[in-house]
Amino acid sequence: MKAMCLEGGDFVWKDVPDPVCHDEFDVRIAVKACALNRADLMQRAGIYAPPDGWPLWPGLECAGTVLDAPAGAGVKAGDSVCALLGGGGYAQEVVVPQGMCMPIPKGFSFAEAAGIPEVYATAYLNLRIVGEIKEGETFFINGGEGGLGIAAIQLAKHVFGAKVIAQVASDENGEFCRKVGADITVNRFTDDLVKVLSENPPNVAIDPVGGPLMGKCIATMPYRGRWISLACLAGPETVLDVNLLWRKNLRVIGSTLRSRTSEEKARILSGLVRDAWPAFEARKFAPHVHKVLPITEAREAHRILETGENRGKVILTLES
């Protein structure tokens with residue numbers, strides 16, 4: 001088969017060995033579409049290696065058709081599925097543990113479904129399992145216009161019944177996020193985020209940005225607030241009054257999805273299907289696809305993410 005391999009920080013579409021099912025729990029998928037994530041940019045830059053046992057080329061989520069599946073796997077040859085991967089989605093085929101496959105929601109295309117596994121699993125993990133969000137609480141997402149931000153807004157608002165605040169990069173993106181489900185949006189360049197959060201204290205926050213402002217934002221949280229750090233795109237340093245942690249019983253939590261075991265991921269995906277699939281299939285919301293490109297244009301797809309042009313997911317498709 002062919003895969004989009006990384007060589008010297010650039011992409012090469014080349015022949016690689018066909019993936020092999022290593023045990024009776026593996027499923028082999030013919031990839032029809034895969035979605036980009038910022039982790040792919042980090043991997044291309046050489047600072048985010050895939051976990052052991054996964055291919056060296058990028059790709060954390062895909063959608064396609066099952067080629068081989070063990071008996072009792074819940075899927076069979078010919079089924080349309082989407083899957084969460086530790087890596088390897090930029091390829092014609094991939095092998096995944098059966099618990100990391102999900103049925104494609106009824107009515108969804110392969111391109112739409114490819115945009116589900118990574119961002120919605122990450123949003124679900126951090127909202128429901130790590131953040132323990134409750135109906136009526138206030139939720140803050142830093143970076144609402146991206147794939148993760150949109151997924152988090154949708155789940156928080158339409159599945160968990162939270163009030164949603166989103167920080168965005170422009171007024172146009174703010175308008176877009178309000179249409180997605182955000183109640184309040186904050187322009188990171190013209191608005192005062194700390195003031196907005198002080199007036200609307202967030203019980204749960206998902207933050208892939210970090211940076212100097214993070215400590216001041218954490219200080220706005222109410223008693224038993226949960227601030228979940230996923231990355232530090234604005235820098236790794238901030239100042240935090242640690243007295244607030246015990247006075248307010250706050251939790252500052254580091255969280256990743258990629259490093260979790262296949263068994264943990266299977267439990268996360270099972271909960272996601274149970275809680276979100278009815279809303280997907282009723283078209284209450286769906287992944288927002290910014291652009292679809294052929295796999296051979298992976299370099300252009302990465303440029304779109306690097307420059308922050310996208311609202312939602314960038315998808316790569318493969319010919320049948």
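Q: Which ring does the charged end of Arg283 sit over?
A: In this predicted model, where local features need pLDDT of at least 70, side-chain atom pairs count only at pLDDT 80 or more, and totals for chains, interfaces and linings use all residues, the charged end of Arg283 sits over the ring of Phe108, 4.3 Å from its centre. A charge counts as over a ring if NZ of Lys or CZ of Arg is within 6 Å of the ring centre and within 35 degrees of the ring normal. Residues are numbered from 1 along each chain as its sequence is written, and side-chain values use heavy atoms, with hydrogens and water left out.

Q: And what does the charged end of Arg258 sit over?
A: The ring of Tyr48, with the charged end 4.7 Å from the ring centre.

Q: Back to Phe108, which aromatic cluster is it in?
A: Phe108 forms one aromatic cluster with Tyr120, Trp277, Phe280 and Phe285. Rings of Phe, Tyr and Trp (its six-membered ring) pair if their centres lie within 6.5 Å, and planes under 30 degrees apart count as stacked, over 60 as edge-to-face and the rest as tilted.

Q: How many aromatic pairs in the whole structure?
A: The search finds eight. Among them, Tyr120 and Phe280 are edge-to-face, 5.1 Å centre to centre with 75 degrees between the planes, and this pair links distant parts of the chain, since Tyr120 lies in helix α3 and Phe280 in helix α9 (residues 262-281), 160 residues apart. Phe280 also pairs edge-to-face with Phe285, at 5.1 Å centre to centre and 70 degrees between the planes.

Q: Are Phe280 and Phe285 buried or exposed?
A: Both are buried, meaning under 20% relative accessible area, with exposed over 50% and partly exposed in between (1.4 Å probe, protein chains only).

Q: Switching to the sheet, what is the strand order?
A: The open sheet has six strands in the order β10-β9-β8-β11-β12-β13, with parallel pairing; two strands pair if DSSP finds at least two bridges between them, and helices (H or I, at least four residues) and strands (E, at least two) are DSSP runs, numbered from the N terminus. β10 (184-187) and β13 (251-254) stand at the edges with a single partner strand each, so one side of each has no neighbour in the sheet.

Q: Which strands does helix α3 lie across?
A: Helix α3 (residues 117-130) lies across β8 (138-142), β11 (204-207), β12 and β13, running at about 150 degrees to β11. Contact means heavy atoms within 4.5 Å, and axes are lines fitted to C-alpha atoms, for helices over the stretch in contact, with angles from 0 to 180 degrees between N-to-C directions.
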